[in-house]
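Trainee: I am new to this structure and would like to go through it step by step.
Mentor: Then ask, and each reply will end on what was asked for.

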Amino acid sequence: MKIKKIKHRIIPDFLEQEFYRNMQFICLGDNFTWFLKSGSNVDDLQSDYYLTHIFYQNNIASSNYFDFIQSNLLNFIKINSLISVKSIMLPSNKEVESIEIINEFEFKHNQAIYFVNTTNGNTVLQDGVKIKSNENSILMIESSQKIYSENCTNKKAKVMILIDYF
């Protein structure tokens, strides 16, 4: 069976330094609220979890930081219609492990993953291509592909912002 190459695009140095430093200050700061999400492996509660912060969903801004995200990140992406914006934090672990980034929507759309910080945890596409987690870079991809994210072992956490849009 031949594995089809996934179309994706990586844009390094996506935002000007002022914008991405502000993004790091907010998302990695002490006042940013995170919510615990369990993964699918109930036998491994030590590592099968991640944290999220929902900025926007169901046509509603659900975070006090949404205006900040909109003016500092979303305005630099060609978005016709916004579906969802959330931040994902994968705490570090002694071993690299992977979770599937679940696509919550059954229809085709565009996705962007903005990497807030640089870590040794990759993002792995369905065809096995590994994307390095470099701060201020963004991965553009079509939503029908499975995406997996590895935690990191060299920082406290790996933080990304996942944007679903048309």
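Trainee: Which threshold applies to local features here?
Mentor: Residues are numbered from 1 along each chain as its sequence is written, and side-chain values use heavy atoms, with hydrogens and water left out. This is a predicted model, in which totals for chains, interfaces and linings use all residues, side-chain atom pairs count only at pLDDT 80 or more, and local features need pLDDT of at least 70.

Trainee: How many helices and strands does the chain have?
Mentor: Helices (H or I, at least four residues) and strands (E, at least two) are DSSP runs, numbered from the N terminus. In sequence order the pattern is β-α-β-β-β-α-β-β-β-β-β-β-β-β. The count is two helices and 12 strands.

Trainee: What is the radius of gyration of the chain?
Mentor: The radius is taken over C-alpha atoms, and the globule rule is 2.2 Å times the number of residues to the power 0.38. The C-alpha trace spans about 40 × 40 × 30 Å along its principal axes. For 166 residues a compact globule would come out near 15 Å, and the chain agrees with that, at 15 Å.

Trainee: What percentage of the residues in the chain are buried?
Mentor: Buried means under 20% relative accessible area, exposed means over 50%, and partly exposed is in between (1.4 Å probe, protein chains only). Of the 166 residues in the chain, the buried ones make up 45%.

Trainee: What share of the contacts with a separation of 6 or more comes from residues 24 or more positions apart?
Mentor: A contact means heavy atoms within 4.5 Å. Among contacts in the chain with a separation of 6 or more, residues 24 or more positions apart account for 74%.

Trainee: Which element gives the most to the largest nonpolar core?
Mentor: A nonpolar core is a set of buried Ala, Val, Leu, Ile, Met, Phe, Trp, Tyr and Cys residues joined through side-chain atoms within 4.5 Å. The largest one has 29 residues, of which Leu-73, Ile-77, Leu-82, Val-85, Tyr-114, Ile-161 and Ile-163 touch the most other members. Elements giving two or more residues to this core include helix H1 (17–27), helix H2 (66–72), strand E5 (82–91) and strand E12 (157–165). The most, five residues, come from E12.

Trainee: How many residues are in the other core?
Mentor: This core lies apart from the largest one, and among its residues are Ile-99, Phe-115, Leu-139 and Ile-141. Its residues number 14.

Trainee: Is Ser-84 buried or exposed?
Mentor: Ser-84 lies in strand E5. Leaving aside neighbours within four places in sequence, Ser-84 is in contact with Tyr-56, Gln-57, Phe-105, Leu-162, Ile-163 and Asp-164. With a relative accessible area of 3%, Ser-84 is buried.

Trainee: Why does Lys-86 count as buried?
Mentor: Lys-86 also has its place in strand E5. Beyond four places in sequence, Lys-86 touches His-53, Ile-54, Phe-55, Glu-104, Met-160, Ile-161 and Leu-162. Lys-86 counts as buried because its relative accessibility is 8%.

Trainee: How far apart in space are Asn-117 and Tyr-20, C-alpha to C-alpha?
Mentor: Asn-117 is found in the loop between E7 and E8 and is buried, with a relative accessible area of 8%. Asn-117 and Tyr-20 are 97 residues apart in sequence, and their C-alpha distance is 9.5 Å.

Trainee: What is the relative accessibility of Asn-122?
Mentor: Asn-122 has its place in strand E8 (residues 119–125). Leaving aside neighbours within four places in sequence, its contacts include Lys-130, Tyr-148, Glu-150 and Lys-158. Asn-122 counts as buried, because its relative accessibility is 14%.

Trainee: What is the phi of Asn-59?
Mentor: Most residues other than glycine have a negative phi. Asn-59 is placed in the loop between E3 and strand E4 (60–61), and it counts as exposed at 66% relative accessibility. Although Asn-59 is not a glycine, its phi is positive, at about 65°.
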